[in-house]
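Reader: Hi! Please walk me through this one.

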Amino acid sequence: MTDIAGDAIVNAYTAAEKWRQGGAKAGMNIYDIATAAGVSSATVSRVVNGNKSVKEETRKKILKIIEENNYVPNSFARSLRSGEPDNIAFVVPDIENPFFGKLLHGLSDTANKYGYNVFMYGTNEDISLEHRILAGIKKEMVRGVVITPVSDEDSDTADRLNKMEDNQIPVVLLDRDITSCAFDGVFSSDYENSYEAVNCLINAGHRKIGAVIGRLDSRPGRERFRGYKKALKDAGIELRDDYITNGNFKVKEAYEGMERLMNLEDKPTAVFSMNNMSTLGCLTYMKEHGMKLGRDISMIGFDEIEELKCTDISLTVVDRPIYEMGSAALELLEFKFNSDQNSEKPRIMRRINMLKGELIIRGSERIKK
């Protein structure tokens, strides 16, 4: 345990005693602390987890707010007194992506309802780091795990998660799947929404449609790419390899991918960006090269980017119920707590909650007149 993490536990114990005596504010959660500090919920999670990547000034500010409010989740206070863990581990591939912050918001609010505390761990799309995090999660620390795995093909992660369930630590997958296992999970309609988005570009008159795809060893990356190809096929449009570039769901790689598309002799007239970070990479390239949506190129993105509402960019996007996905994952985990562990019968069917996204049309799909 790091020194920072050790300090956090000591401070939490002191806060727990105040909570026991009725001094803590009721109903506070990690999102409330983030709002008070003017930071993201992911940043608060990093501080609580002892992550040294947070600036010292920011860390002190967050810890001061925690101390002033006697903040400690009810579950942590109970676990300190009873020895029973009521903490939930939330493992994500990109802690800086606002998408996972919204998932955390939904998870935390619902966890607070049941008296649980959520701790967020970031893997940075690094499978070896994911393995280390999972290796460190013990029954004494957490009651359950919600995870968005780096890859759905990694057998090591699958084995570690299977062992967790064998050790009575229920696992719920969120957004991404693991193909070799039958874990319960919450997903979105990636294939259908991707098909709808590309079809929208086709109906707007485009025949040259580029794609900034994501990790193909992940459910979202694979399903969105499948929807893109199916829409082109149904419209009788040839699939061109030079119109496909992998942004790996990252800003920098998407920027480079957009650059490759725009340097083609026969450029696409429209681009479908398959996640929010990829969209930001594409928009950054366009801004730096004096390009404008609707004038130089058309575009549809996947996942809403709230910050764009403060600009003059009106982007057509697939908007998913992200907060609800996080909430649904916690509800599914709570269901597992109350059923699987109290039943001696083997479970035959996998539980899946599929939430639908919505295409929000704002005009960026249109071809220049």
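Author: Happy to! Axes here are lines fitted to C-alpha atoms, for helices over the stretch in contact, and angles run from 0 to 180 degrees between N-to-C directions. This is a predicted model, where local features need pLDDT of at least 70 and side-chain atom pairs pLDDT 80 or more, while totals for chains, interfaces and linings use all residues. Residues count from 1 along each chain as its sequence is written, and side-chain values use heavy atoms, without hydrogens or water.

Reader: Thanks! At what angle do H7 and H8 pack?

Author: Helix H7 (residues 127-136) packs on helix H8 (residues 155-166) at about 15°, and their axes are 10 Å apart. H7 is therefore roughly parallel to H8 (under 35 degrees; over 145 is roughly antiparallel, 65 to 115 roughly perpendicular, the rest oblique). Helices are DSSP runs of H or I, at least four residues long, numbered from the N terminus.

Reader: And which residues make that contact?

Author: H7 brings Glu-130, His-131, Leu-134 and Ala-135, and H8 brings Asp-156, Thr-157, Arg-160, Leu-161 and Met-164 (contact is heavy atoms within 4.5 Å). Those residues divide into 4 nonpolar, 2 polar and 3 charged. Here Asp, Glu, Lys and Arg are charged, Ala, Val, Leu, Ile, Met, Phe, Trp, Tyr, Cys and Pro nonpolar, and the others, Gly among them, polar.

Reader: Nice. Moving on, what angle do H2 and H3 make?

Author: About 105° between H2 and helix H3 (residues 41-48), with axes 8 Å apart. So H2 is roughly perpendicular to H3. Ile-30, Tyr-31, Ile-33 and Ala-34 of H2 touch Ser-41, Val-44 and Ser-45 of H3. That contact has 5 nonpolar, 2 polar and no charged residues.

Reader: How about H2 and H4, what is their crossing angle?

Author: Roughly 120°, with the axes of H2 (residues 30-37) and H4 (residues 56-68) coming within 10 Å. H2 is therefore oblique to H4. On the H2 side are Ile-33, Ala-36 and Ala-37, which meet Lys-61, Ile-62, Ile-65 and Ile-66 of H4. By class, this contact has 6 nonpolar, no polar and 1 charged residues.

Reader: What lines the largest cavity?

Author: It has 14 lining residues, and Asn-97, Phe-100, Arg-176, Phe-249 and Asn-275 are the closest to its centre. Helix H6 (98-114) and helix H10 (219-234) each give two or more residues to that lining. By class, the lining has 4 nonpolar, 3 polar and 7 charged residues.

Terms used
1 Å grid on protein atoms, 1.4 Å probe; cavity = no way out; pocket = protein on both sides within 12 Å on 5 of 7 lines; lining within 4 Å.
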